[in-house]
Amino acid sequence: MRGGVCPGPTPVESTQAASVEPIADADAGSGSTQNDGAAGTSVSSSSGNATLTLSRNAVGNVDSTAPLQLVFDVRTNPGDVYTITVPESITNGTGVYTIGDSDPISASTGIVTSTTDDANHTKTFTYRFDSVASVAANINFTLHNNYNAQPTPIKGIGTSIKSITWTYAGQQLDPVDFTQVIMPVMNPQAVTRVLPSSSTYKAIYANQDYAYQFSVGEGDGIGGSAEYATGQVNSAVNYGTTIRVPVPRYFTLDESATAARNGFSDETTITQPGGASSDIVITVPKRLRSPVLAERGAVLFRGPIQDHPATRG
């Protein structure tokens, strides 16, 4: 009673509901300049004696690895006061970037201070000048990639326009707008037999227990590369996921053994509602609590190929 069931690459259907904002063009304003094109293109706003320039017009899952920096150039007069307010990347965690500090300015020229507004998720830098001078101060950022721990799930998935606002003597100036892209990428791998190994045992036998594994290969879309993808559904971008995996004919999922082998501690389920030969259904609820940084590896399925005339040699 020997059969030769050899499953090939397996298509996967995945559905993920996420809050995605529509793509829109940044409104540069009358005092702003922005070049459309590569993510490395700078964007700036000028008013009187001052110019504010952001080194990139797009961050996140875009085709650029250039650093992000905000440069404040100004010709000062005694009593001048400028404020620069930078929005955080997301409202519930790290996101694409972290706002750093401003370069200090000479004590004989003035002083710079910063405050963080947790309610509005912004950081404001205030520059007060006491003398005539030419000042160039950098506000530095740390860009993150798919490796960094993120909240579960991230608020702000999709494409959004972020606005850096600034004022002079209390008067609002034209903002510096840039695009942020958080776009998850899933690259499912074909189901493979791991116990016993398909490289050692080519054929399979009816009524014998076999274990297969399946890797979702999902990155959180913070960075522009496919690195640090998770074997299972990535909790940072999971707003509720259902994956259907076709199986070899007559395969019957052993749901209890599968659950024990995966060791899930949440409400994740792996079932075969239609019985033998039907799709395996993986259901992963929206993740509300922060996981460890490294997600678990590939999902494991366990069960036999049922004895059937078609499996007999």
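Strands (E, at least two residues) and helices (H or I, at least four) are DSSP runs, numbered from the N terminus.

Before I continue, a word on the basis of these values. This is a predicted model, in which local features need pLDDT of at least 70 and side-chain atom pairs count only at pLDDT 80 or more, while totals for chains, interfaces and linings use all residues. Residues are numbered from 1 along each chain as its sequence is written, and side-chain values use heavy atoms, with hydrogens and water left out.

The pLDDT, the predictor's confidence in each residue from 0 to 100, averages 81 over the protein, and 81% of the residues score at least 70. Over residues 1-30 it stays under 50, and the model has 68 contacts for them beyond four places in sequence; a contact means heavy atoms within 4.5 Å. Residues 34-38 also stay under 50, with 12 such contacts.

Let me return to E5, residues 50-54. Its covered face consists of Ala50, Leu52 and Leu54, and its uncovered face of Thr51 and Thr53. In a regular strand the side chains alternate between the two faces of the sheet. Ala50 stands opposite Val74 in E7. E5 also pairs with E4 (residues 43-47), in the antiparallel sense over 5 bridges, and there Val43 stands opposite Leu54. The hairpin of E4 and E5 has 2 residues between the strands, and Gly48 takes a positive phi near 60° in it.

I turn now to charged pairs. A salt bridge is a side-chain nitrogen of Lys or Arg within 4 Å of a carboxyl oxygen of Asp or Glu, and the whole structure contains 2 of them. In one, the side chains of Lys123 and Asp101 meet at 3.5 Å, N to O. Lys123 lies in strand E11 and Asp101 in strand E9, so this pair ties together parts that are 22 residues apart in sequence. For accessibility, buried means under 20% relative accessible area, exposed over 50%, and partly exposed in between, with a 1.4 Å probe and protein chains only. Lys123 counts as buried at 12%, whereas Asp101 is exposed at 53%.

Asp279 and Arg244 form a salt bridge as well, their closest N and O atoms being 3.5 Å apart. Asp279 lies in the loop between E22 and E23 and Arg244 in E21, so the pair ties together parts 35 residues apart in sequence. Asp279 is partly exposed at 27%, as is Arg244 at 34%.

Finally, the aromatic residues. Rings of Phe, Tyr and Trp (its six-membered ring) pair if their centres lie within 6.5 Å; planes under 30 degrees apart count as stacked, over 60 as edge-to-face and the rest as tilted. The count comes to 11 aromatic pairs. Tyr97 and Phe141 make an edge-to-face pair, 5.6 Å centre to centre with 80° between the planes. One aromatic cluster is formed by Phe72, Tyr82, Tyr127, Phe129, Trp166 and Tyr168.

Note on methods
Two strands pair if DSSP finds at least two bridges between them.
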